[in-house]
Amino acid sequence: MTRGGFSGLDACVHCGFCLQACPTFLATGDEADGPRGRIELMRAFERGELSSTDRGLAYHLDRCLGCRGCEPVCPSGVAYGDGLEEARARLAEARGTPRLARLALTALTNPMTSRPVYALARLLRDSGLAGTLAGKGRFGFAMGMLAATRTDGRTGGQADGRPTPAVDRPTGLPTARPPSDRPTAVCLFRGCVMEGLFSHVHDATIGTLGVNGYEVREVSGQVCCGALHAHAGLREGARALAGQNIAAFASSTGPIVVNSAGCGALLKAYGHLLDGAPEAVRFAARVRDVTELLADRGPAPGAPLELRVQYDAPCHLLHAQRIAEPPLAVLRAVPGADVRPTVDSAQCCGSAGLYSTLEPELSRTVLAPKVEQILADPPDILTTANPGCVMQLGAGLRAAGAAIPVRHPVELLDQSYRAAGRYA
């Protein structure tokens, strides 16, 4: 789809294959809450038959998770995600962005406000108060999301809540780099939510990449990737952030490693976002998910961890980036771990950026069957590769009374490497 139109939707033939892959359609049974119905709404919007003030148009498009689960199952190759992005951008230009969405974006992505917000959130989390207040209501669920970001050096645990023994994190350099290879330089994209609440995942990323022959370099001047802005229809805000990131990484070389599926999906789409600008296309071509880089090198095995591990695929890793096997390869590099995908791994958990804040009821409805499936055969640890998914799944499990930790795959590999003495 070219920017400014909905041509990517023209291939839709109303076959309906998308409906069973759409979490909101499965939750509501409403045709207008499925891709086929939303495509008709967007086509009517494009033709001028529906205006930006139409309450039904905004209502049903706002309720879309943007998970893009419909795209892989579409036999016609409909570019649904591009059409949704265009429609939301036009709606945002015409009606503005809801106050709650703007407040959340300011709190999470604007450095002037996000630093104190994240500092306060970490204090609340690390004190244990967030975990104590976690529960089923809207406030309790929010506290559960925050509590899910906490790490105490233990990535494993029993289904009844008993953790596996902690291993102290070493402070030295990784060892056991492949002797025949010189370290490959990669640049770490730190992001906003990841840096604010998941710096331990950055630590694990740096450590595991080092063991597998990569040298991670820091890049100054980088900012939020812009994914939350793009999802909210704030295209110009996303474009401005993209420009800053492209400039920040311009003097570096090598892959840009990212450990957030949502960030990675947009970073890889900078070429589209910036209308094919050569520097944006070059930037996008450098972006690699951390699990891609690790899988390219094996990855090297660590010490055994006797754990039952389930992996739930983030939508923006599986559907948007089409990355399926690398996260499983990372987990299977842990000897002794019984690794398997969740039963409905390809289905969205209901997080979807700001969605769980803006559409809490439907978000929880989408999450409920996934939590039920996980608890039918509870693992010792649940893994997923996106911060929002970690928070959503962690809060859902806490609300259900299950003390199952949710971690990024690289955290489990990091624990295995530490137990094996891979860090000098």
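Cys67 is buried (under 20% relative accessible area, with exposed over 50% and partly exposed in between, for a 1.4 Å probe and protein chains only), its relative accessible area being 9%. The model is a predicted one, in which local features need pLDDT of at least 70 and side-chain atom pairs count only at pLDDT 80 or more, whereas totals for chains, interfaces and linings use all residues. Residues are numbered from 1 along each chain as its sequence is written, and side-chain values use heavy atoms, with hydrogens and water left out.

Zero disulfides are present in the structure, a disulfide being a pair of cysteine sulfur atoms within 2.5 Å. For Cys67, the nearest cysteine sulfur belongs to Cys315 and lies 4.5 Å away. Cys224 is likewise in no disulfide, and the sulfur of Cys192, the nearest to it, is at 3.7 Å. Cys224 is buried, at 5% relative accessible area.

Helices are DSSP runs of H or I with at least four residues, numbered from the N terminus.

Pro369 lies in helix α21 (residues 360-376) and is partly exposed, with 41% relative accessibility.

Mean pLDDT, the predictor's confidence in each residue from 0 to 100, is 90 for the protein, and 92% of its residues reach 70 or more. Over residues 155-173 pLDDT stays under 50; the model has 51 contacts beyond four places in sequence for these residues, a contact meaning heavy atoms within 4.5 Å.

Technical notes
Helices (H or I, at least four residues) and strands (E, at least two) are DSSP runs, numbered from the N terminus.
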